[in-house]
Amino acid sequence: MPLQWTRVDDYEAMSAAGAARIAAALEPRLRQGRPVLLGLATGNTMLVLYQRLAELLNRCAASLAQLHTFNLDEYVGADGRPVPADHPLSYRAYMEQNFFSRLDPQLGLQPDHVHFPDPACPAETDDLIERLGGLDVQLLGIGFNGHIAFNEPMPETKIAADAFAALPTRVIDLTELTIDTNARLTAGGDRSRVPRQAVTLGMKPILAAREILLLACFPEQEEPLRRMRHGRPTPELPASYLLDHPHSTILYTGDRISLEEQA
Ligand code: GLP
């Protein structure tokens, strides 16, 4: 199935549609009592989606005892460790606040089934995902430069398209553009609060997910999406690899992003 482009009216519609899609994919699997793997993203795009998803899962009331969540990424401090949960940019804290704390505790999500890549042993995340049967659904945002998770664009002169698609989970140096963008959007413009490194799920485990759902709702995301629409998979635009994925969807908001051809 080729990549599906789905336009929705606005942020609320995107959040509701994204949550409904994830819940629909998870529910039958949760009832089968085998491990269910959900890849999670952070960012402003996902804030309301997590509210809606928690509401849907609470209402459906299937046990979450077999659910494993894998977050895409986390900032890494100068000491080489994940930033602590009280760091203002901590993705773990974001997830706790926006999603995990909203789930009904009676549904039984296991704290040790909540996974973040570990900068000390990034390969272990890829091994664990494989051992548990692979990601069922991967939720993605898109950086203003087209990155997914913290897989930053690279020139094709530096890495072949296949090698880029095979990148494992690893520690990376953030690009100046991402530091600037994330300072502006999440750190009150203060660059010094944005760590210089992060640990990111690699392209390989992301692209191996059975279903991928990418959400976009900011005008700055129009440009990478347009390039993608008319392009081919290239390391210069990491999100473009969804073009070759057998089951992926882009949900974008028509009030902020226009992908229709100009007359
Ligand atoms: C960060 C994350 C990405 C995310 C991007 C967009 O850079 N590493 O995974 O897609 O932010 O976030 P937002 O939703 O705030 O635009």
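Visitor: How should I read the relative accessible area of arginine 34, and into which class does the residue fall?

Guide: A residue is called buried under 20% relative accessible area, exposed over 50% and partly exposed in between, using a 1.4 Å probe and protein chains only. Arginine 34, with a relative accessible area of 33%, is therefore partly exposed. Please keep in mind that this is a predicted model, in which local features need pLDDT of at least 70 and side-chain atom pairs count only at pLDDT 80 or more, whereas totals for chains, interfaces and linings use all residues. Residues are numbered from 1 along each chain as its sequence is written, and side-chain values use heavy atoms, with hydrogens and water left out.

Visitor: Which residue forms a salt bridge with arginine 34, and where do the two partners lie?

Guide: A salt bridge is a side-chain nitrogen of Lys or Arg within 4 Å of a carboxyl oxygen of Asp or Glu. Here the partner is aspartate 136, with the closest N and O atoms 3.8 Å apart. The pair links distant parts of the chain, since aspartate 136 is in the loop between α4 and β6 and arginine 34 is in the loop between α1 and β2 (36-40), 102 residues apart. The element names follow DSSP runs, numbered from the N terminus: helices are H or I runs of at least four residues, and strands are E runs of at least two.

Visitor: What else surrounds aspartate 136?

Guide: At 1% relative accessibility, aspartate 136 counts as buried. Contact means heavy atoms within 4.5 Å, and, leaving aside neighbours within four places in sequence, aspartate 136 is in contact with Arg29, Arg34, Pro35, Val36, Leu37, Arg210 and Glu211. A polar contact is a pair of N or O atoms within 3.5 Å; within protein, one atom must be able to donate a hydrogen and the other to accept it, and residues adjacent in sequence count only if both atoms are side-chain atoms. By that rule, the side chain of aspartate 136 meets that of arginine 29 at 3.2 Å and that of arginine 210 at 3.0 Å.

Visitor: How far is the nearest side chain of opposite charge from glutamate 152?

Guide: For charge, Lys and Arg count as positive and Asp and Glu as negative, while His and the chain ends are not counted. Glutamate 152 is buried yet has no salt bridge, and the nearest side chain of opposite charge, arginine 170, is 8.9 Å away. Glutamate 152 lies in the loop between β6 (137-140) and α5 (161-165), where its side chain makes polar contacts with the side chains of asparagine 145 at 3.0 Å and histidine 147 at 2.9 Å.

Visitor: Which residues are closest to the ligand?

Guide: A residue is near a molecule if one of its heavy atoms lies within 4 Å of it. In this model 13 residues surround the ligand, and the closest are Asn44, Thr45, Asp73, His147 and Ala149. An N or O atom in the side chain of threonine 45 is 2.5 Å from a ligand oxygen, and a polar side-chain atom of aspartate 73 lies 2.8 Å from a ligand nitrogen. Alanine 149 contributes a backbone N or O atom, 3.2 Å from a ligand nitrogen. Alanine 149 also has a positive phi of about 50° although it is not a glycine, and at 9% relative accessibility it counts as buried.

Visitor: How many disulfides are counted?

Guide: A disulfide is a covalent bond between the sulfur atoms of two cysteines. The criterion is a pair of cysteine sulfur atoms within 2.5 Å, and by this rule the count comes to zero. Cysteine 60 is buried at 18% relative accessible area, and cysteine 217 is buried at 3%.
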